[in-house]
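Please consult the sequence and structure shown below.

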Amino acid sequence: MVVYTVTGNVGQAGYLDIANSGDITGKNIYVNMTNRCPCSCVFCLRQTKKMMEGNSLWLRGGEPSVEGVMSIFDKYDLSVINELVFCGYGEPLERLHDVCKVIDLLHGKYPKLKVRLNTNGLANLIHGRDVTPDLEGRFNTVSISMNAPDAEEFLELTRSRFGIQSFDAVKEFAVLAKEHVPNVVMTVVEKVMPEEKIERCRKICEELGVTLRVRPFEN
Ligand code: SF4
């Protein structure tokens, strides 16, 4: 499933292909262009057998081309939606170039389209350069998963292939992104993270000058 809507909160989310989402007026539309990711988070279903077999966000047919994604969007009027969100089971910026291309094509048609990136914040390590200038004029919001209040726990949870430098890289990405994107937030999930750790994350975000968003978890 490449383009979809989400029902429910974290933990009980349901994914509906845009073709089955009915009236998309006022909705957030999600785009899933890759399953690649430098992490292997302990809580991510991406690697599990169940995910491979049953989950609709696993791109069984491989990654869609830019043209393939655009051909889906061609069927809908995106001027009525709330926000377009690049996310999915994978890190969207693994396909930085293609994601930018899709946004540019869509902005050509919908100059006011609001676009958000949900990211692990590791794109600068993935590409070996500061990619945040590429986000300018394309994304209104960058939402970065913070996952942990320190480098050791971050690595334990995410099992990032970049090792212990990953947490600092995520924080640096947030600071750099602020120069190019109006709204940069870091997120943690409530109940998954104890209050004391959320407070430590909040302090770090204050120091970085970004907002911490505590996402609701519902069982
Ligand atoms: S960063 Fe996201 S996509 Fe990648 S392993 Fe972690 S939860 Fe899964």
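A crossing of two helices is called right-handed if the near helix is turned clockwise from the far one by less than a right angle, and left-handed if anticlockwise. In this predicted model, the crossing of helix 2 and helix 3 is right-handed.

**Packing of helix 2 and helix 3**

- Helix 2 (residues 66–73) packs on helix 3 (residues 96–109) at an angle of about 35°, and their axes are 10 Å apart.
- Helix 2 contributes Val66, Val69, Met70 and Phe73 to the contact, while helix 3 contributes Asp98, Lys101, Val102, Leu105 and Leu106.
- Of these contact residues, seven are nonpolar, two are charged and none is polar.

**Helix 3**

- The 14 residues of helix 3 should span 20 Å at 1.5 Å a residue, which agrees with the 20 Å between its end C-alpha atoms.
- Leu96, Val99, Cys100, Val102, Ile103, Leu106 and His107 are the buried residues of helix 3.
- His97, Gly108 and Lys109 are exposed on the face of helix 3 turned away from its buried side.
- The cover over the buried residues of helix 3 includes helix 2, strand 4 (83–86), strand 5 (115–119) and helix 4 (123–127).

**Helix 5**

- In helix 5 (residues 151–158), the residues Ala151, Glu153, Phe154 and Thr158 are buried.
- Their arc of only 165° around the axis puts them on the same side of helix 5.
- Glu152 and Glu156 are exposed on the face of helix 5 turned away from its buried side.
- Strand 6 (141–145), helix 6 (166–178) and helix 7 (195–208) are among the elements covering the buried residues of helix 5.

Methods:
Residues numbered from 1 in each chain as written. Predicted model: local features only at pLDDT ≥ 70, side-chain atom pairs only at ≥ 80, totals over all residues. Heavy atoms only, no water. Axes fitted to C-alpha atoms, helices over the stretch in contact; angles between N-to-C directions. Helix = DSSP H or I, 4+ residues; strand = E, 2+ residues; numbered from the N terminus. Contact = heavy atoms within 4.5 Å. Nonpolar A, V, L, I, M, F, W, Y, C, P; charged D, E, K, R; others polar. Expected span 1.5 Å × (residues − 1). Buried < 20%, exposed > 50% of the residue type's maximum accessible area, 1.4 Å probe, protein only. Arc of directions from axis to C-beta.
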